[in-house]
Structure formats: structure tokens, C-alpha cells
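Thanks for coming. I will take one structure and go through it in a few steps. Please have the sequence and the model open while I talk.

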Amino acid sequence: MNQNTNQAYFLTAAGLRVLISPAIIHLILIHQLCAPSAAQVTEYEVVGSQKPVTAEVGDDVVLPCKVEPPLDVTTRTVEWKCNKTVVHMYKSRSDNPDAQDKKFRTRTSLFRDEMTKGNISLKLVQVNETDAGIYTCYVRKLHDKVKSSTVTLIVAPVQEDKNDELHGNPTTKPKPENSNWYYLLILIIPIVVAVFWTTIRNNKRYKSPNDQGTVKTGQVDDTDPSDNAGNNMENTNITGQNCRGRKAQTGTVW
């Protein structure tokens with residue numbers, strides 16, 4: 001009888017193990033799938049710009065950088081460096097100008113309103129040629145880790161026309177606001193010259209050669225033709241008298 005009891009117990013225990021084991025495994029799998037992994041909670045990355053940022057001397061630029069996934073970094077320490085030079089330092093919810101290099105003071109700032117979304121981009125104003133280089137952005141205490149990324153800044157020399165504008169060079173000629181006026185003048189000037197030249201030629205054509213400049217083109221002669229005939233006869237008589245007088249005078253001398 002004891003042997004039968006032991007055999008029944010053994011069969012019952014084995015059956016329970018067979019029934020319980022799949023259920024436990026199933027619960028463990030559900031827990032692992034539903035529970036967030038440690039990597040998803042603690043892993044953050046600082047992402048800069050793969051493309052270089054280009055600016056001219058005197059420009060204002062933004063060096064992009066952010067934390068992904070978005071994280072509120074207002075309580076973190078954010079630091080920007082160019083090589084080993086401290087460009088900007090943010091710590092304890094405020095900027096720390098004493099820690100940055102003198103040539104960058106009053107020229108750098110962060111976007112405070114967007115730092116809650118992980119934006120740690122740096123704004124640099126009045127860029128000069130010595131600012132060119134590789135900038136590194138550090139975020140400290142990201143779950144006991146220091147994350148960083150780089151941004152390259154290229155500074156090009158200022159163009160001549162822009163340089164004259166910045167320094168107020170009085171010799172710089174202002175550019176025409178509308179080039180259409182220039183082409184319109186090119187078309188109008190030859191037309192005006194042609195009309196003027198045609199008018200002068202017409203004046204010379206209709207002007208009498210015996211007029212001696214007293215009668216102008218377009219004036220109407222109101223003199224009576226009969227008066228002109230009388231005047232012509234008188235002029236003829238006078239001419240004849242003068243000729244005769246001259247002859248007579250000439251004959252007398254002879």
C-alpha cells in the first residue's frame with residue numbers, strides 16, 4: 001500500500017510540474033516584454049551637425065547641438081569648447097562667464113527656452129577669422145556619463161562690397177534699385193536723337209537761302225503780293241539809276 005501511495009504522489013507531483021512550468025515561463029516572458037529595458041531609460045546621445053557651419057566675418061551663427069531623445073537639461077552642466085578653450089559654460093541653471101575665455105565673453109549664449117527640450121545649440125555673434133575651428137559640446141551627468149558631439153565652423157573673409165558697406169566707404173556707388181530703367185534709357189535715347197536730327201534737317205530744307213535768317217520756318221508772310229510787285233519795280237528802278245549813275249560818273253571821269 002505504501003508503494004502505491006508513493007507512486008501516486010510521484011505521478012501527481014510530476015503532473016503539477018508539467019502544468020506549472022509552461023505557465024511560469026509564459027509569465028516570465030510577458031514580464032520581460034512589458035518591462036522597459038535599462039538601455040531605453042538611461043541611454044541618451046548628444047548630437048551635433050555633420051555638415052560644417054559656414055559664416056563670413058561679422059556674421060552671427062548658430063552651432064546646432066541637441067540631446068536625443070529630448071531631455072530637460074536645465075539642471076545639467078553644459079559646456080562648449082574649441083580645442084581646449086572654454087567657449088561657453090552653463091552650470092547650476094545659469095551661465096558662468098568667469099570660466100570662459102575672454103575673447104568669447106559677451107558673444108555667446110544658449111537658447112534657454114528650448115533647453116527643456118534638449119536644445120543646447122550655441123549662438124556666436126560677431127564672428128571673426130580666429131573663431132574658425134572644431135567646437136565640442138559636452139553634457140555632464142547624463143546618468144553618470146559625459147556625452148559630447150562636435151560642430152565645425154568655417155569662417156570666410158568678408159566680401160569687398162559688404163566690407164565697404166560695413167565701414168561706410170563713401171566711394172562705394174549704390175547699385176540701381178531697378179535695372180529696367182537702364183535698359184529703357186538705352187532704347188529712348190537713340191529715338192530722341194533721331195527725332196532731333198530729323199527736325200534740324202527739315203528746318204534747313206524749308207528755310208530760304210536769301211532769307212538771311214530773318215524768316216523762320218512755320219511763319220506766315222502777310223505781305224500783299226501787289227506790294228511786293230511794287231517794291232520789286234522800285235528796286236529795279238533804283239538799281240537802274242544806280243547803274244546809270246555809276247556809268248555817268250564813270251563817263252565823266254574819263
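The largest nonpolar core has 29 residues. Leu63, Val67, Val78, Trp80, Ile120, Tyr135 and Leu153 are those with the most contacts inside this core. As for where the residues come from, at least two are supplied by each of strand 2 (53-56), strand 3 (61-63), strand 5 (77-82), strand 6 (85-91), strand 9 (122-124), strand 10 (133-140) and strand 11 (147-156). As background, nonpolar side chains in soluble globular proteins tend to be buried together. Keep in mind that this is a predicted model, and that every value I quote is computed from it.

Stay with Tyr135 for a moment. What does Tyr135 touch, leaving out residues up to four places away in sequence? The list is Leu63, Trp80, Lys81, Cys82, Val87, Phe104, Leu124, Ser149, Thr150, Val151 and Leu153.

Now the strands. Strand 5 pairs with strand 10 in the antiparallel sense, over 6 bridges. Within that pairing, Val78 has Val139 of strand 10 as its bridge partner. Strand 10 also pairs with strand 11, again antiparallel, and here there are 7 bridges. Leu153 of strand 11 stands opposite Gly133. Strand 10 and strand 11 form a hairpin with 6 residues between the strands. In that hairpin, Lys141 takes a positive phi near 65°.

Next, the rings. How many aromatic pairs does the count come to? The count is 0. Tyr138 does have charges over its ring, though. The charged end of Lys81 sits over that ring, 5.9 Å from its centre. The charged end of Arg140 sits over the ring of Tyr138 too, also at 5.9 Å from the centre.

Gln100 lies between strand 7 (94-95) and strand 8 (108-110). Is Gln100 buried or exposed? Gln100 counts as buried because its relative accessible area is 9%, and the cut-off for buried is under 20%. What does its side chain reach at 2.5 Å? The answer is the backbone oxygen of Val87. The side chain of Gln100 also makes a polar contact of 3.3 Å with the side chain of Thr108. Not counting residues up to four places away in sequence, Gln100 touches Val86, Val87, His88, Arg105, Thr106 and Thr108.

Methods:
Residues numbered from 1 in each chain as written. Predicted model: local features only at pLDDT ≥ 70, side-chain atom pairs only at ≥ 80, totals over all residues. Heavy atoms only, no water. Phe/Tyr/Trp six-rings, centres within 6.5 Å; stacked < 30°, edge-to-face > 60°. Lys NZ or Arg CZ within 6 Å of the ring centre and 35° of its normal. Helix = DSSP H or I, 4+ residues; strand = E, 2+ residues; numbered from the N terminus. Buried < 20%, exposed > 50% of the residue type's maximum accessible area, 1.4 Å probe, protein only. Polar contact = N/O pair within 3.5 Å; in protein donor to acceptor, adjacent residues only side chain to side chain. Contact = heavy atoms within 4.5 Å. Core = buried A, V, L, I, M, F, W, Y, C linked by side-chain atoms within 4.5 Å. Pairing = 2+ DSSP bridges.
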